[in-house]
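This briefing accompanies the sequence and structure shown below.

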Amino acid sequence: VLLFLDLHTDFHLDICATCHEHATCSKIGGMSVCMCKYGFVGNGRTHCIDKDECQFGTSVVCGNHTSCHNTPGGFYCICLEGYRATNNNKTFIPNDGTFCTDIDECEVSSRCRHGGRCVNTRGSYECYCMDGYLPKGGPEPFHPTRDATSCTEIDCGTPPEIPGGYIIGNYTSRLGSQIHYACKEGFFSDSEDTVSSCTAVGTWEYPKLNCQEIIIEINEVSVFNNTCVRWQINPGRINSKIEYVIYIKGQRLDPLESGHEETVNLTTESRTPEVCLDLNQGTNYTVNISTAPPRRSVPAVIELQTAGDDLLEDDGIFNISIFNEVCLKLNRHSRKVGSEQVYQFKVLGRRQYLNNFYHATSFNFTTREQTAVVCLDLYPATDYTVNVTLLGSPERPSVQTAVTTAPAGRWGCLSVHIWGQRWYQKGFAQEMVFNITASSQTPETCLDLSPGTNYSVSIQALSSELPVVISLTTQITEPPLPEVDFFTVHGGPLPRLRLNKATEKNGPISSYQVLVLPLALQSTFACDSEEAASFFSKASEASGYVTAEVLAKDIPDDAMEISIGDRLYYGKYYNAPLKTGHDYCIILRITSEWDEMNTACKNHKHVSVVTVLLFEVLFLPQYLAIYPSLVTLAYYLLLNAL
């Protein structure tokens with residue numbers, strides 16, 4: 001027995017000594033047994049191999065949204081990106097109930113950068129642009145750590161231009177901003193849609209405003225009841241009331257008596273308007289009829305003479321005198337002013353050196369004038385006998401005279417009556433009446449006319465019954481130099497300028513423009529250039545830009561102030577802030593546009609911007625030497641930071 005125990009004891013010691021390094025020796029039923037440790041499998045003596053717990057599947061071993069990592073004799077779990085363990089540790093063993101839950105990345109502010117909106121997803125997140133912003137550099141949704149997309153604030157930029165229209169007031173180009181349009185003077189639109197809005201896609205809605213030019217034709221002007229005038233107009237597309245301006249100018253037959261000048265306004269819907277005027281007796285009148293702005297029309301002119309109740313009846317006595325080679329002057333002895341008489345002219349011409357040559361003509365001539373000039377259409381080198389008879393008189397008095405024409409050329413006497421008016425200046429009127437005599441078959445004359453004016457020119461051969469009337473418009477010329485004042489700014493952020501309304505001398509003033517130029521370009525800038533870049537154009541930094549445009553009609557009679565760089569839109573131009581450390585030349589330009597002609601005139605201000613927070617204005621007379629032709633009209637100011 002002792003031997004057995006010893007042997008048994010020796011056997012037990014040998015079994016435990018032979019256990020694998022990853023095994024433990026356990027006593028079962030009185031016997032020693034080698035068993036592999038937890039996480040290993042084998043016979044415990046010769047081999048204990050690691051058991052891969054992850055082979056059963058990550059979701060089975062660790063749960064959802066995890067990764068399983070095997071280790072010698074064990075394993076551990078890690079949550080995937082975008083998830084975290086509920087025990088708040090990086091690794092875990094799920095036997096304690098730990099699992100992976102989604103991380104809400106959107107809890108971190110500014111996750112999607114400026115203008116971005118964060119949307120949490122399972123295990124991640126997506127970025128979208130907020131209302132008022134658009135994606136730039138890539139599509140949305142985007143991820144800021146891997147995508148180049150960013151959100152920029154919506155800016156619709158320069159609004160659309162409407163032919164014949166303009167923008168009312170100031171505006172911004174941000175989302176939801178609205179621009180109100182209106183037709184310019186002389187234009188109208190059937191559509192009432194005058195608003196353009198900045199949309200969420202960064203573009204302006206195009207308004208349905210359709211501005212069309214209004215030109216009203218005034219025809220068939222006639223006089224009735226001695227002092228009343230009636231005319232007709234073309235209906236066109238006008239369905240509303242029209243305001244007319246009737247300008248009357250009267251001259252008494254007695255030069256010592258004062259004349260009569262008056263403007264009468266008439267508003268009516270009638271297509272055959274009429275007005276009775278309060279006229280003086282025994283006076284020659286010229287009546288000019290036109291439409292009031294914004295309507296446009298070619299002025300119609302008619303002449304009339306009022307009768308005098310205290311004048312005697314016409315005695316029918318007259319005589320004829322030679323005015324020039326082809327014109328006769330008819331002198332009436334009537335004591336009744338304005339009485340109308342008809343005279344019959346019979347003209348017979350012969351040439352002594354041609355036996356079979358005869359030139360005979362006759363016509364009736366009607367006049368109210370005391371002294372009338374009648375020019376005859378005669379052949380050269382001819383002896384004429386002119387017999388003039390007063391018709392409508394029982395006595396039929398007659399006068400005869402002889403006229404011999406010069407041997408060369410055909411002569412003519414023309415009466416010219418010119419009437420000028422400006423639709424943009426109600427008080428402006430220009431009238432000229434004169435006669436010309438010419439030997440040419442195509443006579444011509446030069447007229448002293450004002451710029452930017454509509455003229456009606458009536459040309460009548462004094463031997464004819466009806467005149468020829470033509471309408472013409474003179475071109476506009478350079479507008480007057482603008483007057484502008486700069487204010488001294490102490491402690492204010494922006495320099496201000498004050499626009500003074502200019503007088504429309506050489507044509508209608510359309511707009512006032514404020515231009516910002518690099519200082520180096522002040523001597524090379526072409527003021528009359530029609531195209532001007534906006535701040536958003538690619539060349540604005542190098543060649544300057546228009547920072548504001550104000551229509552002439554929107555400037556009050558006193559003045560208007562504009563702050564340079566106030567970030568508002570003036571017309572279609574953005575008034576951008578001036579950059580620190582740059583030198584600028586500020587130019588104020590007046591533009592005149594009429595019948596596709598554009599002229600401009602400017603004034604200069606020299607601005608040196610060191611900081612946009614504080615300015616002081618100083619007068620520098622030495623800069624006047626740069627533009628010697630404008631010495632008396634322009635001055636320069638330097639804005640320096642204190």
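Buried means under 20% relative accessible area, exposed over 50%, and partly exposed in between (1.4 Å probe, protein chains only). This is a predicted model, in which local features need pLDDT of at least 70 and side-chain atom pairs count only at pLDDT 80 or more, while totals for chains, interfaces and linings use all residues. Residues are numbered from 1 along each chain as its sequence is written, and side-chain values use heavy atoms, with hydrogens and water left out.

**Overall make-up**
- The chain has three helices and 48 strands, these being DSSP runs numbered from the N terminus (helices H or I, at least four residues; strands E, at least two).
- Of the 642 residues of the chain, 43% count as buried.
- Among contacts (heavy atoms within 4.5 Å) with a separation of 6 or more, 54% are accounted for by residues 24 or more positions apart.

**Annotated domain**
- UniProt, in an unreviewed entry, places the feature "domain: EGF-like" at residues 50-89 and 102-139; positions are in the numbering used here, feature names are shortened, and annotations may be inferred rather than shown by experiment.
- Residues 50-89 are 10% helix and 40% strand, with end C-alpha atoms 26 Å apart, and residues 102-139 are 0% helix and 45% strand, with end C-alpha atoms 26 Å apart.

**Salt bridges**
- The structure holds seven salt bridges, each a side-chain nitrogen of Lys or Arg within 4 Å of a carboxyl oxygen of Asp or Glu.
- Asp 155 and Arg 174 meet in one of them (3.3 Å, N to O), linking the loop between strands S13 and S14 to the loop between strands S15 and S16, 19 residues apart.
- Another joins Glu 161 and Lys 572 at 2.0 Å, N to O; the two lie 411 residues apart, Glu 161 in the loop between S13 and S14 and Lys 572 in the loop between strands S43 and S44.
- Glu 561 also pairs with Arg 498, their closest N and O atoms being 3.6 Å apart, and this pair links strand S42 to strand S39 across 63 residues.
- Glu 561 counts as partly exposed because its relative accessibility is 39%, and Arg 498 counts as partly exposed because its value is 28%.
- Salt bridges that share partners join Glu 153, Asp 155 and Arg 174 into one network.

**A buried arginine**
- Arg 332, found in strand S28 (residues 327-332), counts as buried because its relative accessibility is 6%.
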